[in-house]
Amino acid sequence: MMAHHRLTSAPDTIRFGMFDAAFDPVLTVASGDSVTFECVSGGVEVMPPEGSPYAVPPALRAIHASKPERIGPHILTGPVAIAGAEPGDMLEARIEAIAPNNDWGYCAVRPLAGTLPEDFPERYVSHIAVDRARGVCKPDWGPELPLAPFFGTMGVAPPARYGRLSSREPREHGGNMDNKEFTAGATLYLPVWVPGANFSVGDGHGRQGDGEVCVNALEMGLTGTFTFILHKGADLRWPRAETPTHHILMGFNEDLDLAMKQALRQTIDFIVARSALTRVQAYQFCSLAVDFRVTQTVNGEKGVHALLAKGLLF
């Protein structure tokens, strides 16, 4: 029987800014089970100042007070193991629901980061009001904007040979993909690299533009529910996803041109495997009918994602 689990962010259920195949899971579930993750976001350096109208959530205060080891910028809840998962399998993570769990978020510019670090060398942090009931946010310097929440970072444990990785760079285990298409109703497919797969999630975004150019979206706490389905022996080698309307193929590389080439090759491979088209025909089809977008330019490994509309070929 399928079961539902709940996992809250706490000092003993999070890792701050890192993925590692050696991390033990904090929860083990069966294929077909669902998990609701209550996630928090942000280091002490981006918290609202004293006297601010924005309250720091108790769970986030407890994590900061515990002074966890930190490598990268994201508080990741997990990992969650899926019983029976082995290297060479594929993990399907259905994103059933996502909702803000806080009434504010932040967007920051920091030295030596972002797409234009030479133009913006000073730290600048904006705390942004969120109206959960109305589904909007409003910076004090700008217009009201609709929310479109998604998790910027979702991934399994990386290959053991990599050792401990910062959560900053997306790689073949997923991680900090920052893809705004991954809202509720989307499904993420991840290759399994270690026994259990060991899925972690965090880096809640209330909304984001493609590119995420200043280095942050609307960073905030989100609660998300995922259903995990294990596919044995699928031998997936790179993350991919789908929404109700599109298939999504991705490329990550420190060179944006190479990220584009990788996303294009992934798309050609995907089309050839599922249709009667040859590779050159699939190449032409991509030029005629597939949209390639810059996912983000700020994570060291830049991202490009392809949007292939469902129903055009299959």
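**Reading a predicted fold, step by step**

User: Among contacts in the protein chain between residues at least 6 apart in sequence, what percentage join residues at least 24 apart?

Analyst: A contact means heavy atoms within 4.5 Å. Take the contacts here between residues at least 6 apart in sequence: 76% of them join residues at least 24 apart. Keep in mind that this is a predicted model, where local features need pLDDT of at least 70 and side-chain atom pairs count only at pLDDT 80 or more, while totals for chains, interfaces and linings use all residues. Residues are numbered from 1 along each chain as its sequence is written, and side-chain values use heavy atoms, with hydrogens and water left out.

User: How many helices and strands does the protein chain have?

Analyst: Helices (H or I, at least four residues) and strands (E, at least two) are DSSP runs, numbered from the N terminus. This protein chain has three helices and 21 strands.

User: Okay, and what about the overall size: which radius of gyration does the protein chain have?

Analyst: That radius is taken over C-alpha atoms, and the globule rule is 2.2 Å times the number of residues to the power 0.38. For 314 residues, a compact globule would come out near 20 Å, and the protein chain's 19 Å agrees with that. Along the principal axes, the C-alpha atoms fill a box of roughly 65 × 45 × 40 Å.

User: Can we try it on single residues? Is His 64 buried or exposed?

Analyst: His 64 sits in helix 1, which covers residues 58-65. With a relative accessible area of 14%, His 64 is buried. Not counting residues up to four places away in sequence, His 64 touches Gly 42, Gly 43, Val 44 and Met 47.

User: And Pro 244, buried or exposed?

Analyst: Pro 244 has a relative accessible area of 63%, so this residue is exposed. Look for Pro 244 in the loop between strand 18 (240-242) and strand 19 (246-253). Leaving aside neighbours within four places in sequence, Pro 244 is in contact with Gly 185 and Lys 310. Pro 244 and Thr 187 are 57 residues apart along the chain, yet their C-alpha atoms are separated by 8.8 Å.

User: Now a whole helix. Which residues of helix 3 are buried?

Analyst: In helix 3 (residues 279-289), the buried ones are Ala 282, Phe 285 and Cys 286. Looking down the helix axis, these buried residues fall within an arc of 105°, so they line one face of helix 3. (The arc is that of the directions from the helix axis to the C-beta atoms.) They pack against helix 2 (256-274), strand 20 (291-296) and strand 21. On the face turned away from the buried side, you'll find the exposed residues Val 280, Gln 284, Ser 287 and Leu 288.

User: How many salt bridges does a search of the whole structure find?

Analyst: Side chains of opposite charge can pair when their charged atoms come close. The cut-off is a side-chain nitrogen of Lys or Arg within 4 Å of a carboxyl oxygen of Asp or Glu. Searching the whole structure gives 14 of them.

User: Which residue forms a salt bridge with Glu 144?

Analyst: Arg 134 does, with the closest N and O atoms 2.9 Å apart. Glu 144 lies in the loop between strand 10 (136-138) and strand 11 (145-146), and Arg 134 in the loop between strand 9 (124-131) and strand 10, 10 residues apart. Glu 144 is partly exposed at 40%, while Arg 134, at 51% relative accessibility, is exposed.

User: Where do Glu 181 and Arg 293 lie?

Analyst: These two side chains meet in a salt bridge (3.5 Å, N to O). Glu 181 is in the loop between strand 14 (174-176) and strand 15 (187-191) and Arg 293 is in strand 20, so the pair ties together parts 112 residues apart in sequence. Glu 181 is buried at 18% relative accessibility, and Arg 293 is partly exposed at 33%.

Note on methods: Buried means under 20% relative accessible area, exposed over 50%, partly exposed in between (1.4 Å probe, protein chains only).
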